[in-house]
Structure formats: structure tokens, C-alpha cells
Amino acid sequence: MKPALLLMLAFTAAGCGYDTPETPYIVSIDPQPQLHDHETVRHYSLVPYLIRLKQEDVRTITVTFSRAPELVAVGSQAYSQYVNPTSWELVGRELSMKVYCFRNDSSDHDYEHRIPIQWVGGGTVIRLWCEREERQ
Amino acid sequence: MKPNRIFITLLFAVLGCTDREEELLPHIVSIDRNFREIDLALLGNYWSREAKHNNVIVLDRGGFQTITVIFSSPPNNLEMKLHDRSGSVLDAQDYILHGTALKIKLYCTFYIQGTYNTLTIDWSGGEGINSTVSIPVWCPFEDPPAKEDR
């Protein structure tokens with residue numbers, strides 16, 4: 001095949017093709033969410049895989065992506081007021097979030113807390129379970 | 001390379017690029033998972049009032065399930081919400097877009113079993129044109145009545 005024809009085909013293919021750089025996806029979450037079979041979780045959690053925290057726990061959660069994402073939002077949702085990330089930082093492929101399990105409410109219930117993470121082309125929700133200490 | 005060949009090469013390249021930009025707003029080509037017709041009349045009064053469509057995605061109970069939505073071209077600014085029967089947002093879902101394929105991970109828990117939910121996907125194309133689609137999702141205690149079963 002002549003070089004000119006090859007060039008023609010190459011240019012056409014390049015022109016027709018979509019630019020589809022691989023969307024970053026989550027490789028790991030540390031600590032890893034575990035299946036939690038508490039009755040309340042089964043009833044109210046949309047996904048019963050949670051990171052369990054004890055009252056007063058300060059924990060850093062690290063989310064590792066396949067490649068550096070372009071973050072859109074790191075936020076919180078209903079019932080998240082006790083475990084909102086106090087700070088978060090994205091360095092390359094690693095997103096670190098510091099969370100504090102703080103309960104000063106009078107409720108007898110534990111709740112699922114959600115930290116939604118959105119990046120260009122994807123999204124997920126990290127779910128936490130902030131367990132209050134047993135009352136005396 | 002002769003000038004006419006250079007011209008033809010450039011023309012092909014321009015044509016290729018032009019094809020790509022023709023579609024300003026991507027549209028949904030297919031939704032792969034358990035998208036089927038149900039009989040609203042057999043759902044009972046409550047659900048037939050709630051359900052606006054009789055084409056629904058029927059989930060299996062428990063476990064993660066992935067729905068794949070194929071667009072005609074890669075959409076921009078995707079946003080996803082799952083609304084429960086009262087219209088309130090249950091949760092943002094796990095989703096990932098690979099080119100034209102959007103994979104959405106859902107989990108049918110006890111909380112939403114036996115309910116009719118709506119998965120809303122918003123996206124945009126070029127020049128700020130937006131589109132939205134609402135996909136009814138049935139999270140069953142049992143399968144809703146299929147039309148052919150009647």
C-alpha cells in the first residue's frame with residue numbers, strides 16, 4: 001500500500017475516533033468497607049458495605065484511583081453531620097480524607113453516613129457507620 | 001507526496017473530524033439489563049398510580065447489579081440520582097463512564113424492596129445543551145407481573 005493511502009486512512013481513523021482516555025476508577029479503599037449485617041443497616045442502608053468507626057475515632061480514609069482523577073466534589077449527605085470529612089487532599093492517584101466519628105445527639109440509633117465522591121466520568125459513595133458507645 | 005494527494009489526505013482528515021462534531025447532544029442507544037414490559041393493571045392501585053411507565057428495569061433481590069447504558073457518543077457532565085417513590089433522593093450511585101458506555105452499580109436492599117424507584121440521568125453535549133432521562137427501576141419483593149403472564 002502506498003504511503004499516501006496509509007496516511008489517508010490513518011488521518012481518517014484519527015478523525016473519526018473518539019477521544020476516550022480511560023476514566024479513572026477506584027482501585028482500593030483503605031480501610032476496606034465490610035459487609036455489616038446489623039438490622040438497622042439491612043433496613044436503611046442502600047448498600048450494606050460500610051467502614052465501621054467507634055465514637056471519638058479519628059480515621060484517615062484513603063481512596064486510590066487507577067489514575068489521577070479530576071475531582072468534582074467530595075461532600076456529605078443526610079445523616080452525615082457527625083462524620084463529614086474534616087479535611088481531604090488529593091495527591092496524584094490518592095485521595096485522603098480525615099473523618100471524625102462524633103456523636104453528641106440523644107438518639108439511640110446508629111446511622112449510616114455517606115461521603116459522596118464525584119470525579120469527571122464517575123462517582124461513588126463511601127459509607128460509614130459511626131457506632132456510639134454503649135450507655136451505662 | 002504530490003499536492004493533490006496532500007489535499008485529499010487533509011480532506012479525509014477534516015471529514016473524519018466533522019463527523020465527530022455533528023452530534024451536539026448524545027442520545028441513549030441501549031440499556032442492557034432486564035428492561036422489560038410489565039402490566040401496570042396488575043400492580044395494584046398503589047403502584048399503578050406511582051408507575052408512569054410500564055417499561056421498567058427489574059432488579060434481582062440483594063447483591064450488586066450493573067446496568068449498562070450505551071450512548072451514541074460520549075456525554076459530558078453526567079449526574080445520577082436514584083429517587084424513591086416519594087421523590088426524595090435515596091443516594092448517589094456508583095457509576096463510571098467508559099467512552100460511550102455508562103455502567104451504573106445498584107444494590108436492591110431491604111429498604112427499597114417492593115418499591116418502584118426512578119433512576120435519573122442528566123448529561124450534556126456541546127454548546128451547553130442538556131438532556132435527562134428517568135428510568136423506572138423495580139426493586140422486587142417479587143417480580144411485578146409481566147404483560148405476557150396475564
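Patches are made of residues with over 30% relative accessible area and no salt bridge, where like charges are joined within 9 Å and nonpolar side chains (Val, Leu, Ile, Met, Phe, Trp, Tyr) within 5 Å. A salt bridge is a side-chain nitrogen of Lys or Arg within 4 Å of a carboxyl oxygen of Asp or Glu. Accessible areas come from the Shrake-Rupley method with a 1.4 Å probe, and for residues only the protein chains shown count as cover.

This is a predicted model, in which local features need pLDDT of at least 70 and side-chain atom pairs count only at pLDDT 80 or more, while totals for chains, interfaces and linings use all residues. Residues are numbered from 1 along each chain as its sequence is written, chains are lettered from A and ligands numbered from 1 in the order in which they are written, and side-chain values use heavy atoms, with hydrogens and water left out.

**Surface patch**

A nonpolar patch on the surface is formed by A:Leu35, A:Tyr49 and B:Phe64, which together have about 290 Å² of accessible area. A:Tyr49 sits in strand β3 (residues 49–54) of chain A. Its relative accessibility is 31%, so A:Tyr49 counts as partly exposed. Buried means under 20% relative accessible area, exposed over 50%, and partly exposed in between (1.4 Å probe, protein chains only).

**Chain A**

Chain A has two helices and nine strands, in the sequence order α-β-β-α-β-β-β-β-β-β-β. Helices (H or I, at least four residues) and strands (E, at least two) are DSSP runs, numbered from the N terminus. Of the 136 residues in chain A, 41% are buried. The chain has an accessible surface of about 7,700 Å², and carbon and sulfur atoms hold 51% of that. Among contacts in chain A with a separation of 6 or more, 65% join residues 24 or more positions apart; a contact means heavy atoms within 4.5 Å.

**Aromatic pairs**

Over all chains, the structure holds two aromatic pairs. Rings of Phe, Tyr and Trp (its six-membered ring) pair if their centres lie within 6.5 Å; planes under 30 degrees apart count as stacked, over 60 as edge-to-face and the rest as tilted.

| Pair | Centres | Planes | Class |
|---|---|---|---|
| A:Phe65 and A:Trp119 | 4.9 Å | 75 degrees | edge-to-face |
| B:Phe71 and B:Trp123 | 4.9 Å | 75 degrees | edge-to-face |

In chain B, B:Phe71 belongs to strand β4 (residues 64–71) and B:Trp123 to strand β9 (residues 115–124), so this pair ties together parts 52 residues apart in sequence. B:Phe71 is buried at 2% relative accessible area, and B:Trp123 is buried at 4%.
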